[in-house]
Amino acid sequence: MRFRAAVTAGQVADLVGGELVGRRDLRLAGVAPLDRAGPGDLSLYSSRRYLGALRRTEAGAVLVTPDLQRDADTGRTLLIVADAGAALSTLSESLVPPPPTRWGIHPTACLGSGCRWTGRISIGARARLGGNVLLGTDCWIGPHAIVEDGASLGDACRIEAGALVHRGTRLGDRVVVRTGARVGGAGFGFTRTPNGPRRLAQLGNCIIEHDVEIGANATVDRGGLGDTIVGAGTKIDNLVQIAHNVRVGARCIIMAQVGIAGSTTVEDDVMLAGQAGLADHLTVGRGARVAAQGGVIGDVAPGATVSGYPARDHRTVLRQVAAVRKLVPLVPSLERMLETHERT
């Protein structure tokens, strides 16, 4: 990450509200990993796993949290902040020039009748807008993206290349739909008949509230009868599946390859780690956490942390794993005892 112009370590400290230890006049041209940083770079030390890289780094300054300050206190300039991730975001927003946006409509784009927008918009090459689409100001529709009939987007939405927003879907302000994602398509609803599965009509809608991000190749289905809703500020990683009638609260973090089955409720501030799977018609309470590959088949209490399959209290799972490891060395003795018992 290169800054638009070199800045001093003191200016960076003032910008992120950090404590400076070392040279205030040290000039920094950007941010780089510990193993690739040079004397003009700011780097980040975020975990003791990187202690070796820290000792070898040539970075001019290091961003560090108070709990790791002692590791990094080797005579180099330090910027001490409470939240390193937030500090990097501030630097990116303030010092890194955003990619240029070409406002206007590409001549190969296709716009259906009744499309409306306010202010400026950007519609890329071969993008397609259906009839009666409504766009807010400063919306960006990437190349080959599709926004189907009757969909509405709030202000400053970004629909990246090849993404698809299905008919009637409603997006709030500042929603980001990454490359290849599908939002508001028909859910997986079938009933069994003597002639095989028969599709059920998916009559609900898909509502994405303000400041939601939907990762590349993720899928959010429309509702069957009610609506699928994703709450404000929620961030959805790549390759996530959210089924019909699911309700996701505000400020949730849903990591890669999570699957949420139909009519499940995920309350506010929940974190679902990679490859977690949630069965249908259950509730994950506010502030709960599901560890990676956790299989949730029942309700999760607010604030709980669960893991394993079936998902249960994380500390219980760790104790069970530790107990099994202690039993492993005893297995040969137990087998010999069983063999002796069978012979007698």
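Tutor: Strand β21 (residues 190–193) and strand β22 (residues 196–199) pair in the antiparallel sense over 4 bridges. Strands pair if DSSP finds at least two bridges between them, and strands (E, at least two residues) are DSSP runs numbered from the N terminus. This is a predicted model, in which local features need pLDDT of at least 70, side-chain atom pairs count only at pLDDT 80 or more, and totals for chains, interfaces and linings use all residues. Residues are numbered from 1 along each chain as its sequence is written, and side-chain values use heavy atoms, with hydrogens and water left out.

Student: Which residue in β22 does T191 stand opposite?

Tutor: β21 and β22 form a hairpin, with 2 residues between them. Within β22, the residue opposite T191 is R198.

Student: Which residues does the cis peptide bond with omega of about -10° join?

Tutor: One may look in the loop between β38 (305–307) and β39 (312–313), where P310 is placed. The cis peptide bond joins P310 to Y309.

Student: Is D211 buried or exposed, or in between?

Tutor: D211 is found in the loop between β23 (206–208) and β24 (213–214). Its phi is near 65°, a positive value in a residue other than glycine. Buried means under 20% relative accessible area and exposed over 50%, with partly exposed in between (1.4 Å probe, protein chains only). Because its relative accessibility is 28%, D211 counts as partly exposed.

Student: What is the phi of N245?

Tutor: N245 is found in the loop between β28 (241–242) and β29 (247–248). N245 is partly exposed, with a relative accessible area of 21%. N245 is a residue other than glycine, and its phi is positive, near 70°.
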